[in-house]
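Try each one with the structure open, then read through the solution.

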Amino acid sequence: MTDRISKLTAAGVAVWLDDLSRVRLSSGGLDQLRREKHVVGVTTNPTIFAKALAAADEYDWQLRDLATRGVEVEESVRMLTTYDVRWACDVMRPSYDASNGVDGRVSIEVDPRLAHETDKTVAEAKALWWLVDRPNLFIKIPATEAGLPAITATLAEGISVNVTLIFGLDRYSQVMEAFLAGLEQAKANGHDLSKIGSVASFFVSRVDSEVDKRLEKVGSDEAKALRGKAAVANAQLAYERYGEVFSSDRWQALADAGAHPQRPLWASTSTKNPDYRDVIYVEELIAPGTVNTMPESVIHAYADHGETTGDTITGAYDAAREVFTDLEAAGVDMSDVIAVLEREGVEKFEASWLELLDGVRKSLAAAGRGTGRPGQAAQGNAQAAQQAGGNA
């Protein structure tokens with residue numbers, strides 16, 4: 001079974017896990033995925049943490065200590081989550097060392113409520129960087145308009161960045177520009193570019209969910225025939241732009257200084273529509289220099305029946321553009337789709353963060369009273385957060 005993942009890796013796709021919990025860490029499950037399923041990175045988000053903190057006894061001792069010390073809720077959340085991320089960084093360190101710092105990365109997200117505040121985003125990115133204190137950390141910053149200068153400023157400090165919540169091609173181009181500018185500033189600031197990493201998390205399945213909904217509303221046979229095609233076409237055209245930027249003279253100057261390219265990362269890769277193949281967003285997005293972050297269920301599904309047939313992206317650009325032409329003809333406004341997805345993406349992660357804060361607040365109160373298992377107080381909140389946040 002592992003051979004299927006090995007073939008995917010050999011085709012140039014780095015397999016990352018889209019999940020983290022203290023149970024996964026303490027049980028050795030993450031290390032097992034690293035050793036047996038070629039998992040070479042980890043991504044997290046507020047929804048993942050809300051679910052993890054609600055569901056396990058492993059957090060109880062830390063919650064009791066935080067409650068005893070009278071630590072405020074937001075600081076407690078950071079202590080809890082950075083503990084897990086630091087541990088995960090240590091578990092993934094062999095992959096980091098083996099890849100000369102390209103893989104073996106673990107991501108933690110800035111407070112999503114700061115998505116539209118540049119300076120506060122940069123300040124929190126710096127705080128998380130020194131708090132986790134591991135070279136294989138990624139700070140996740142959303143690709144909002146305010147996030148773009150924050151990405152540049154954070155990279156300029158020598159801090160590695162996972163740019164998240166990218167849905168559209170034009171915004172992706174802006175993200176790559178922010179990356180290049182950040183590395184140029186980092187170089188001017190005297191940082192070793194070989195130590196700075198970055199990925200650009202391009203969301204996939206959510207695009208199909210939104211577009212398919214609009215196609216169903218149109219209702220024609222031509223419109224219905226386009227269902228399940230927008231997300232892959234969107235990502236394929238993103239990879240085309242990636243190839244253009246990272247073959248430029250501007251990039252070559254940074255590469256000569258030791259920089260690694262900002263790889264496109266396919267996020268939200270679990271299939272939301274049960275009518276679609278469960279590994280569609282892996283099989284149809286295979287190309288060198290990419291990352292695919294998957295829930296464990298998708299990793300196991302690919303290990304069981306995924307097919308690696310070589311590069312499924314670079315030869316598909318014309319067909320992808322045709323999909324976009326057909327969508328426009330069917331009355332689907334892709335610019336509006338992208339705007340809606342970005343807004344909803346930020347809102348969903350904000351909702352998850354608030355649910356996480358509320359759950360930890362109740363858990364701290366329970367721990368302070370010494371009654372019940374602290375995690376139980378957050379269970380209902382985490383379920384709501386899981387429904388709100390989605391994957392990636």
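**Exercise 1.** Work out at what angle helix α12 and helix α16 pack, and how their crossing is described.

Start with the pair: α12 covers residues 230-245 and α16 covers residues 317-329. (Helices are DSSP runs of H or I, at least four residues, numbered from the N terminus.) Their axes lie 9 Å apart at an angle of about 130°, with axes being lines fitted to C-alpha atoms over the stretch in contact and angles running from 0 to 180 degrees between N-to-C directions. That makes the pair oblique, the label left after under 35 degrees (roughly parallel), over 145 (roughly antiparallel) and 65 to 115 (roughly perpendicular). The crossing is left-handed, meaning the near helix is turned anticlockwise from the far one by less than a right angle.

This is a predicted model, where local features need pLDDT of at least 70, side-chain atom pairs count only at pLDDT 80 or more, and totals for chains, interfaces and linings use all residues. Residues are numbered from 1 along each chain as its sequence is written, and side-chain values use heavy atoms, leaving out hydrogens and water.

**Exercise 2.** Find out how much of α12 is buried.

Buried means under 20% relative accessible area (1.4 Å probe, protein chains only). Twelve of the 16 residues in α12 pass, so the helix is mostly covered. Among them are A230, V232, L237 and Y242.

How values were computed: Helix = DSSP H or I, 4+ residues; strand = E, 2+ residues; numbered from the N terminus. Buried < 20%, exposed > 50% of the residue type's maximum accessible area, 1.4 Å probe, protein only.
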